Amino acid sequence: MAMQEIMVLSDLKKISDEQLEHRISAFQGTPTHKLQNWARTFEATPERIYTPHTIADTQLIVEAARRARVRVRAMGVWHSPSDLACSEGWIVIMSGIAGVISIDKEDRTITTHSGTLLRDINQALDVNNLAMPILGSISDQTIAGCLATATHGSGIDHHCMSSYVHSLSILVASGEVLECSRTLHPHLFNATLCSLGATGIILSVVLSVEEKFNLHQVTTAMSFDEYTSSPSSWLDRWRTAPYVKAFWLPQTGGVSLMQSYKAAQNTEKYQPQAPVSSTLFSFLLQPLLLVKRYVPAIAPLLSHLAWRCVFGQHQQRTDTSCNIFNMDCGLLQYTTEWSVPLSQAYECMLELNEWLVDENDVDFPLEVRISKADDILLSPANKHVGNQVETHFMWIGLIKYKPFNCRVRYRRIFRTFEDILRKYNGRAHWAKHSTQTPQEVGEKYSGLPKFMEIIHKYDEHGIFLNPFIDRHLICEKGDTYRHFKTHQVEAFGF
Ligand SMILES: Cc1cc2nc3c(=O)[nH]c(=O)nc-3n(C[C@H](O)[C@H](O)[C@H](O)COP(=O)(O)OP(=O)(O)OC[C@H]3O[C@@H](n4cnc5c(N)ncnc54)[C@H](O)[C@@H]3O)c2cc1C
């Protein structure tokens, strides 16, 4: 897809209110249309839904919203497990503005429209002998959705994906499209690298990429005691390979450590045959989780079965970087994930373990990952934590499955988890469940005042804000929050 034309600001301002309303009605969805996130934990019925296909369409929508003082929010494919992408006002679904614009093999950059799915970016890079430096567990999200939430993967030498943005173009509340980079509108650029959708609508992105690479992954099953035998050996396990992550099943006392090393492009790809027990377990998992919902006492048995059939296997495989980074995330689930400074992560793991070994309500596995610190104002991996400057962060994620999309109890365990993480200067992943208050965010992010200043500068009427931002960044549970929660969005969990 070629770079699209941008409407000149003076032309936009000349359009009458009636003409504007008429023109944007062409890409408006039906009023009864309901949106649901991937995990089916949130449902939204905003006042209006738009699906533009050009940058000019998007400018018209934002101009109309600004004139009407209605809140408007970009949405990707709503894979966020929270209401971050919702609005009680207008939602602009950006997956219609998608496609790779160009690839520069020399400079190793790719330019894409903001609604492009990661998997399409991966594919376009692959045919050009290039690859993303890092990916999270899936490639089903839009690139802008990943940037707005500082989506991360796992590797001691790797930052979150936003750090690999070279430059971007963004539509701000005035209707203007601004090119941003570390030298052009640098403050807006920084805020947009983890914007939570609040700085404007990202239209296109230039990403720095790498030469295509394969990965050889070695999975080692070990006991939690061996894994945490000493702080130095624990740290070494994260240092020995460029990409490392761990799946932890506290009730079994087991950790499955996955260390991935770069392999030559011509290395033969090798995928071991899944054991029959593993296939059978995956098939039975959902019914067993449903039984556990009524009989929590079977939790240890279920964890041990999962360890024996799936996670407790030593394995090796070689594949493309995308196939190793990505995985099958399986069943619908509630998710919370927090970053903890690496300097405090070891103690944090030990305290979590004390709680989790006997906790029947928690599901498996807990995912443990690592990323390099950054200087993005609202990134949970921002290097400034209180008076300390951190170099790395450990990410720890907890899940609660929703077998057959049934309601399950998750708030109590998530709350206990969060309280432990808070003791170790934890900060929540913005896309996932959290109870972080504006006061807490203010204490943990020294960049929050700067972030708010940038929002006010580019969006004086706050049209890009939403109830999520109100709740976590601006005010304690106010009227908007209650209205939104009860009437616009319903969390099915309890
Ligand atoms: C199964 C699964 C696995 C995941 N794995 C990981 C992982 O490994 N690591 C990790 O860090 N996260 C992970 N996530 C979280 C996911 O990466 C984020 O929720 C991401 O934001 C989803 O992208 P999206 O396109 O669905 O965005 P949405 O959920 O639709 O939106 C997220 C935010 O992006 C904003 N946004 C979207 N498009 C634009 C735009 N064009 N301009 C401005 N703002 C925009 C929205 O306003 C919102 O604030 C996972 C989620 C799921 C469901």
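These questions and answers go through a predicted model, from its ligand shell to its backbone.

Local features need pLDDT of at least 70, side-chain atom pairs count only at pLDDT 80 or more, and totals for chains, interfaces and linings use all residues. Residues are numbered from 1 along each chain as its sequence is written.

Trainee: How many residues surround the ligand?

Mentor: A residue is near a molecule if its C-beta atom, placed from the backbone, lies within 6 Å of it. The closest are Gly76, Gly136, Gly145, Ala148 and Gly197.

Trainee: Which element gives the most to the shell around the ligand?

Mentor: Helices (H or I, at least four residues) and strands (E, at least two) are DSSP runs, numbered from the N terminus. Strand 4 (72-75), helix 5 (143-148) and strand 11 (201-208) each supply at least two shell residues. The top giver, with 4 residues, is helix 5.

Trainee: How many charged residues does the shell around the ligand have?

Mentor: Ala, Val, Leu, Ile, Met, Phe, Trp, Tyr, Cys and Pro count as nonpolar, Asp, Glu, Lys and Arg as charged, and the others, Gly among them, as polar. The shell has 18 nonpolar and 14 polar residues. Its charged count is 1.

Trainee: Is alanine 150 buried or exposed?

Mentor: Alanine 150 is in the loop between helix 5 and strand 9 (165-171). Its phi is near 50 degrees, a positive value in a residue other than glycine. A residue is buried if 20 or more other C-beta atoms, placed from the backbone, lie within 10 Å of its own, exposed if 12 or fewer, and partly exposed in between. Alanine 150 has 27 such neighbours inside 10 Å, so it counts as buried.

Trainee: And phenylalanine 404, buried or exposed?

Mentor: Phenylalanine 404 also has a positive phi, about 50 degrees, although it is not a glycine. It lies in the loop between strand 21 and helix 13 (411-423). With 12 other C-beta atoms within 10 Å, phenylalanine 404 is exposed.

Trainee: What is omega for the peptide bond from phenylalanine 364 to proline 365?

Mentor: Most peptide bonds are trans. Proline 365 sits in the loop between helix 12 (342-356) and strand 18 (366-372). The bond from phenylalanine 364 to proline 365 is cis, with omega near -10 degrees.
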